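Subject: Structure handover

Hello,

Here is the structure we spoke about. My notes on it follow below.

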Amino acid sequence: CTMTKQIVLKLLREHTEEFLSGEAISRQAGVSRAAVWKAVEQLRQEGYGIESVPNRGYRLTRVTARLRPEELSEQFRDRRIGRELLYFDTIDSTNNELKRRAVSGTVDGTVILADQQTRGRGRRGRSFVSPAGKGLYLSAALRPQCPLSEISTLTAWTAVALCDAVEAACGVRPGIKWPNDLVLQDKKLCGVLTEMELEAETGSLGYVIIGIGINLRQNEADFGPGVAPTAISLQQALGRAPDRTELAAAVLLSLDKLYQDFPERAQGYLERFRRDCLTLCRPVRVLYPGGTREGTAVDITEDFGLTVRWPDGTVEAVTSGEVSVRGLYGYV
């Protein structure tokens, strides 16, 4: 059964440096040796590499790229984020799916996961390349109880939460390109798209959707010639990619903590954002509707805006718009 399979997998993960006998697994799992063998075969069919040696037992040799939504549902059913978790092999956009579900009722805490997006979206209407089996694509719905004026900071909070998650799962902490891109080796690792819906009658907040796309296993061909020069995957950066389900769990844990913290514990997130922000102290080009202007990023404001010093010595807080950073994404 599914529960036996999960227990066997958990035990094998805890003993990756040694073989674990079928008898030991049987005893700890409380099932028969035959049930252990059946669970091992099911795990192999799902793509796990499990070595078996007579008189020694079993050993996990590699993890699978397959998402295991059933594990995540079990882990998060009692939390605010992920208490309802839905998985799709292919979908247009995880954000779009949450919007569709919001029409028929509450979506607070709901998470949509997909193996592939056919119309993944980024900021400013850009597409987000989302090939099957290569990345982590998910959206979460929140209904925070706070003034609308504070909702705009959620995207920056999310960047900090994702840095926490990647560090927990991979042992490396990305930087942040203001306002919310995660960066490794001066290239984009992850994008965040935050969308808000207001209730028509009252103008109050209906819900906020946080869409996340993290590059795990892409190579240059997966990104394509237009994206490859400015994007990077964990596989490219680290020489390895984490288990997608374990990374998803780390992301959902970070989002759940964010939901508990928001908006009261802003100071801790602001301190981490300032520490992680790669935009600071670098030349930047700010795109306005009427043109561009170049200056130097000098600080992050209390509401997560970007403070820019212009060549004439004046200082301005940028709260929206497109900001290019010299040294990142090929801007020289």
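First, a term: helices (H or I, at least four residues) and strands (E, at least two) are DSSP runs, numbered from the N terminus. This is a predicted model, in which local features need pLDDT of at least 70 and side-chain atom pairs count only at pLDDT 80 or more, while totals for chains, interfaces and linings use all residues. Residues are numbered from 1 along each chain as its sequence is written, and side-chain values use heavy atoms, with hydrogens and water left out.

Pocket and cavity

Both terms rest on a 1 Å grid over the protein atoms alone. A cavity is a set of points where a 1.4 Å probe fits but cannot get out. A pocket is an open set with protein on both sides within 12 Å along at least five of seven lines. Lining residues have an atom within 4 Å of a point. Grid points are joined across faces, edges and corners, and a volume is the space filled by probe spheres set on the points.

The second largest pocket has a volume of about 490 Å³. It is lined by 23 residues, and S152, T153, T155, P179 and T319 are the closest to its centre. Helix 6 (148-151), helix 7 (154-170) and strand 8 (187-198) each give two or more residues to that lining. Strand 8 supplies the largest share, five residues. By class, the lining has eleven nonpolar, nine polar and three charged residues. Here Ala, Val, Leu, Ile, Met, Phe, Trp, Tyr, Cys and Pro count as nonpolar, Asp, Glu, Lys and Arg as charged, and the others, Gly among them, as polar.

There is one cavity of 30 Å³ or more. The largest cavity has a volume of about 40 Å³. Its lining is K5, Q6, L9, L43, E46, R68, E70 and E71. Helix 1 (2-13) and helix 4 (69-76) each give two or more of these residues, and helix 1 gives the most, with three. The lining divides into two nonpolar, one polar and five charged residues.

Cores

Buried means under 20% relative accessible area, exposed over 50%, and partly exposed in between (1.4 Å probe, protein chains only). A nonpolar core is a set of buried Ala, Val, Leu, Ile, Met, Phe, Trp, Tyr and Cys residues joined through side-chain atoms within 4.5 Å.

The largest nonpolar core has 68 residues. L136, I212, I214, L234, V251, F273 and L306 touch the most other members. Helix 7 gives the largest share, eleven residues. Another core lies apart from it, with 15 residues, among them L20, A24, Y48 and L60.

I214 lies in strand 9 (205-215). At 0% relative accessibility, I214 is buried. Contact means heavy atoms within 4.5 Å. Not counting residues up to four places away in sequence, I214 touches G135, L136, L189, C190, L234, L247 and V251.

Which side chain does the side chain of D115 contact at 2.6 Å? That of R244, in a polar contact. A polar contact is a pair of N or O atoms within 3.5 Å; within protein, one must be able to donate a hydrogen and the other to accept it, and residues adjacent in sequence count only if both atoms are side-chain atoms. The D115 side chain also reaches the backbone nitrogen of G133 at 3.3 Å. D115 sits in strand 4 (residues 110-117) and is buried, with a relative accessible area of 15%.

Helix 5 (residues 94-102) has T94, N95, N96, E97, L98 and A102 as its buried residues. They pack against strand 3 (84-91), strand 4, strand 5 (135-142), strand 8 and strand 9. S93 caps the N-terminal end of helix 5, with a side-chain oxygen 3.2 Å from the backbone nitrogen of N95.

Backbone points to check

Most residues other than glycine have a negative phi, and most peptide bonds are trans. A cis peptide bond joins W178 and P179, with omega about 10°. Another cis bond joins F262 and P263, with omega about -5°. C281 has a positive phi of about 65° and is exposed, with a relative accessible area of 67%. F304 has a positive phi near 70° but is buried, at 6%.

Best wishes
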